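This report describes backbone features and nonpolar cores. The structure is shown first.

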Amino acid sequence: MKAHIVLLPGDGIGPEVVSQAVRVLDAIASQFRHEFVYQERLMGGCSIDKCGSSLTDETLADCQAADAVLLGAVGGPKWDNPNAKDRPERGLLALRKGLGVFANLRPVKVHPALIDASPLKPEKLQGVDILVIRELTGGLYFGWPKGRDVKDGRERAVDTLEYYDYEIRRVMELAFKLAQGRQRKVTSVDKANVLESSRLWRQIAVQVGAENPEIALEHVLVDTAAMRLITGPASMDVMVTENMFGDILTDEASVLAGSMGMLPSASLGAGRVGLYEPIHGSAPDIAGKGIANPIGMILSTAMLLRHSLGLETEAVAIEKAVDDTITAGARTADLGGKLTTTQMADEIIRRF
Ligand code: NAD
């Protein structure tokens, strides 16, 4: 297979982990006889500095024309001014919107050898294997009106939480489809006791649930979901929720795996281009030291091979190599070890 992949290394540790992901993809290409053609582009803070925009029209067009996009991370203290005209996060939101990727998939698995790296008690972590699906292009982060003004002599800020039925239905249908290949259980998270948008969310969850009677559906309020992730995470299979709840719950769920550096994500939509990135940010505190854990990024390439290119065997080869590497005791600093970013990738690649 020949595939065209746009690389957006971004800021901070982004370029450090993306370069290791490319080594992994190259190793897979040579072992399974594929050809991956890369196109590297600027995005985030580095793009503001060089091009005056966090995401240029040209870069977005290149991403839209690719088979898949691999993103490192964006942001950092240099671009943190909340009053700045452009910020790295704006580029990220524009990229998601421009690619039409409405669902963010974050698998959270706890490797048995890393149970002690998590702050939770080991008995709570046995068997944890959750797929969190976050709606990505609607809700509070995109709704209008949004902004600040002065009303009745008082400074006021407004955000709008808005969902259309079709936006909820498409992400709900994806959750039920992905649950088919898992434990066949969907946990739909909302705040239906307070929010109108959540009542529509729940209504559509019930409809899609009725169309998929072989899948068990439960509704959980977001506050209860936050507690369940800590008190009984093994009881959950596929969790699906709206944009802001998902933003918060996915970070909470990441703690189960022991380090932010371990977890991958895939953002998918109706179009063919998927966006793949680790869940962590640009980690300015360790950027440039060569010690970032590349596993979240490397597992994101496995998701890219599976979801955008249909290369399941190759995806499993990467996931198994990561599992074996952790089992063998290889650890970067975030997991209490001494391996550098490159050495961790070496350990994974030699196990293909
Ligand atoms: P962060 O994820 O960058 O870092 C949180 C902590 O986890 C830090 O101590 C960091 O050293 C550690 N960490 C993260 N990834 C690691 C890895 N691969 N290996 C080892 N340790 C790792 O979150 P933050 O500090 O809140 O944010 C830093 C910047 O990243 C901010 O500008 C933020 O806006 C941005 N950010 C970007 C994204 C993205 O690009 N998708 C996501 C989150 C945050």
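Helices (H or I, at least four residues) and strands (E, at least two) are DSSP runs, numbered from the N terminus. In this predicted model, local features need pLDDT of at least 70 and side-chain atom pairs count only at pLDDT 80 or more, while totals for chains, interfaces and linings use all residues. Residues are numbered from 1 along each chain as its sequence is written, and side-chain values use heavy atoms, with hydrogens and water left out.

**Backbone**

Most residues other than glycine have a negative phi, and most peptide bonds are trans. Tryptophan 144 and proline 145 are joined by a cis peptide bond, with omega about 0 degrees; proline 145 belongs to strand β6 (residues 143-151). Two residues other than glycine with positive phi are tabulated below. Accessibility is relative: buried means under 20%, exposed over 50%, and partly exposed in between (1.4 Å probe, protein chains only).

**Nonpolar cores**

A nonpolar core is a set of buried Ala, Val, Leu, Ile, Met, Phe, Trp, Tyr and Cys residues joined through side-chain atoms within 4.5 Å. The largest has 87 residues, and Leu105 and Phe36 are among those with the most contacts inside it. Helix α1 (residues 14-32) gives the most to this core, nine residues. Because domain 1 (1-102 + 263-352) and domain 2 (119-257) both give residues to this core, it lies between them; the domain bounds come from an automatic or database domain assignment. A second, separate core has 17 residues, including Leu60 and Val273.
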